[in-house]
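Subject: Structure for you to look at

Hello,

I am handing over the structure below. Please open it first and then read the notes.

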Amino acid sequence: MFNISETEQQVAEFLLQIKAIKLQPNNPFTWASGWKSPIYCDNRITLSHPPIRTYIRQQLTKAIQEKFGSVGCIAGVATAGIPQGALVAQELGLPFIYVRSKPKEHGRGNMIEGDILTGKRVVVIEDLISTGGSSLQAVAALREAGYDVAGLAAIFSYGFDIATENFKAANCPFITLSNYSALINYAEQHQYISRKDVEILREWRESPSTWGTETA
């Protein structure tokens, strides 16, 4: 049985242990979008840790089966969703494809790599959800190619309202194994961060696009 609260805590613990998630409230990161952020998440690191990699694969598989039921294909989002998606597809014994961020600039100009299985019910795999923009671009490409997109599953979400709104507007349900709130609660309880750090992290979560700009 897929236990979301237990899984949220366990995934948060793993990500902190292996430093796939780094919390630096006093030395913020700069994202590609230009946002200043006290947190950085790189779930690719989980692939280097077999027990954690196995746990994530198994939990994604359970979550997909319970949330979406029977599906005919798994699609990874380039690039970080590709290995996670391939692992899940192997666990389920399903075909695997992946979606590029843009069409290939040579050869056949593919956006989707793999056999195009028109009409198949597919679940999309991501490693991380921030605003949902790149994920939903992949969803749109799959729908255009003739797939029935059941939804999306990811390892971690920042829990931004804009992501929830974007997925709702696209009529695409999504699930994640863990999220920002679970992470911060676990980090505080196990002394990865101080109470002052928690306040900073929660302030960022409320207004990520403008946080830190006054001191930038």
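Predicted model: local features only at pLDDT ≥ 70, side-chain atom pairs only at ≥ 80, totals over all residues.

Residues are numbered from 1 along each chain as its sequence is written, and side-chain values use heavy atoms, with hydrogens and water left out.

Pocket

The largest pocket has a volume of about 620 Å³. A pocket here is an open set of points on a 1 Å grid over the protein atoms alone, where a 1.4 Å probe fits, with protein on both sides within 12 Å along at least five of seven lines. The volume is the space filled by probe spheres set on the points, which are joined across faces, edges and corners. Lining residues have an atom within 4 Å of a point; there are 28 of them, and Arg44, Asp127, Leu128, Ser130 and Ser134 lie nearest the centre. Strand 4 (39-41), strand 8 (121-129) and helix 4 (133-144) each supply at least two lining residues, and the largest share, five residues, comes from helix 4. Helices (H or I, at least four residues) and strands (E, at least two) are DSSP runs, numbered from the N terminus.

Aromatic pairs

The whole structure has 14 aromatic pairs. Rings of Phe, Tyr and Trp (its six-membered ring) pair if their centres lie within 6.5 Å; planes under 30 degrees apart count as stacked, over 60 as edge-to-face and the rest as tilted. Tyrosine 158 and tryptophan 204 have ring centres 5.8 Å apart and planes at 80°, so they are edge-to-face. This pair links distant parts of the chain, 46 residues apart: tyrosine 158 is in the loop between strand 9 (148-157) and helix 5 (161-169), and tryptophan 204 is in helix 7 (residues 195-206). Phenylalanine 160 also forms an edge-to-face pair with tryptophan 204, at 5.6 Å centre to centre and 65° between the planes. Tryptophan 204 has 0% relative accessibility and so counts as buried; phenylalanine 160, at 2%, is buried as well. Buried means under 20% relative accessible area, exposed over 50%, and partly exposed in between (1.4 Å probe, protein chains only). Tyr158, Phe160 and Trp204 belong to one aromatic cluster that also includes Trp31, Trp35, Phe156 and Tyr180.

Helix 2 (residues 50-68) has 19 residues and reaches 26 Å from its first C-alpha to its last, close to the 27 Å expected at 1.5 Å a residue. The expected span is 1.5 Å times one less than the number of residues. After helix 2 comes glycine 69, with a positive phi near 70°.

Backbone details

The peptide bond from alanine 78 to threonine 79 is cis, with omega near -5°. Threonine 79 sits in the loop between strand 5 and helix 3. Lysine 19 has a positive phi, near 60°, and at 53% relative accessibility counts as exposed.

Regards
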